[in-house]
Amino acid sequence: MKIAFLNQKGGVGKTTLAVNVADAVARSGRRTLLIDADPQASAMEWAAARDANHEQASGEIRFPVVSLPANFIHKELPSLAKDYDCVVIDGPPRVNAVSAAAIMASDIVFIPVQPSPYDVWATDEIIGLIEQSRAIRPEIEAMFVVNRKINRTAMGDAIGQALVDYPLQVMETQICQRVAFAETAAKGQSVLEAVPNEPASDEISQLTQEIMELFDEQGNLVSRAAA
């Protein structure tokens, strides 16, 4: 089970989703590895904050975070992933050779997109790169994930329709703009760990469940996500 969160536009919440989904998958009992392929190393900073601010308690969920912002991720991944059930890749905020390698390493790519015309238009580049990668690995899948949605706004309500003309499906679960994501990240925590009874945690749980339903028990992708 190898998934990546990629978008060439910065500020769409890739790292937030990658970190929290990795934590949720680990909490389901799957051995999980998070790869930080972003040269800005946001996931690594989150891991450093986690180690600095928290002593590991008995039974606390932990998963390794590895920095690999390189254009050979797809070549290194088989050896890195051999002891894990799930690998989550947090990609760079631009379309480049590292992005291409992350796509080639993945079973499915999730493209976080905010409810904004600029964010929707900006997905063209990453979709083009995914299509190029499919020339080599046609089995690679991709889906949109609506992230940082602001409730009770016209654009927030219309984002699904705005993406309808693109050749990818949209995940049913939508993640809203919530203070809990920023507050927990600063402490090196996930929302499931810090605020398990709040809406942010419910949304991450629902998104993770939806992702895992795309795979069989052996971690093989079984659903044709792309239209």
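This is a predicted model: local features need pLDDT of at least 70, side-chain atom pairs count only at pLDDT 80 or more; totals for chains, interfaces and linings use all residues.
View 1. The strands concerned are β1, residues 2-5, and β4, residues 86-90, which run parallel and are joined by four bridges. In general, the strands of a sheet pair through backbone hydrogen bonds, in either a parallel or an antiparallel manner.

**View 2. The open sheet of seven strands.** The strand order is β3-β2-β4-β1-β5-β6-β7, and the pairing is parallel. At the edges lie β3 (65-67) and β7 (169-170), each of which pairs on one side only.

**View 3. The largest nonpolar core and the surroundings of I3.** This core contains 37 residues, and the members that touch the most others are I3, F5, L34, F110 and I211. Helix α1 provides the largest share of the core, namely eight residues. Apart from this core lies another, of 34 residues, which includes V87, V98, F144 and V146. Beyond its neighbours within four places in sequence, I3 is in contact with V21, V87, V88, I89, S106, I108, F110, I211 and F215. In soluble globular proteins, nonpolar side chains tend to be buried together.

**View 4. The largest pocket and its lining.** The space in this pocket amounts to about 300 Å³. Its lining consists of 20 residues, and G13, K14, T15, T16 and S42 lie nearest the centre. Helices α1 (14-27), α2 (42-53) and α8 (179-186) each supply at least two lining residues; α1 gives the most, with five. Classified by type, the lining comprises six nonpolar, 10 polar and four charged residues.

Key
Residues are numbered from 1 along each chain as its sequence is written. Side-chain values use heavy atoms; hydrogens and water are left out. On a 1 Å grid over the protein atoms alone, a cavity is a set of points where a 1.4 Å probe fits but cannot get out, and a pocket is an open set with protein on both sides within 12 Å along at least five of seven lines; lining residues have an atom within 4 Å of a point. Grid points are joined across faces, edges and corners, and a volume is the space filled by probe spheres set on the points. Ala, Val, Leu, Ile, Met, Phe, Trp, Tyr, Cys and Pro count as nonpolar, Asp, Glu, Lys and Arg as charged, and the others, Gly among them, as polar. A nonpolar core is a set of buried Ala, Val, Leu, Ile, Met, Phe, Trp, Tyr and Cys residues joined through side-chain atoms within 4.5 Å. Buried means under 20% relative accessible area, exposed over 50%, partly exposed in between (1.4 Å probe, protein chains only). Contact means heavy atoms within 4.5 Å. Two strands pair if DSSP finds at least two bridges between them.
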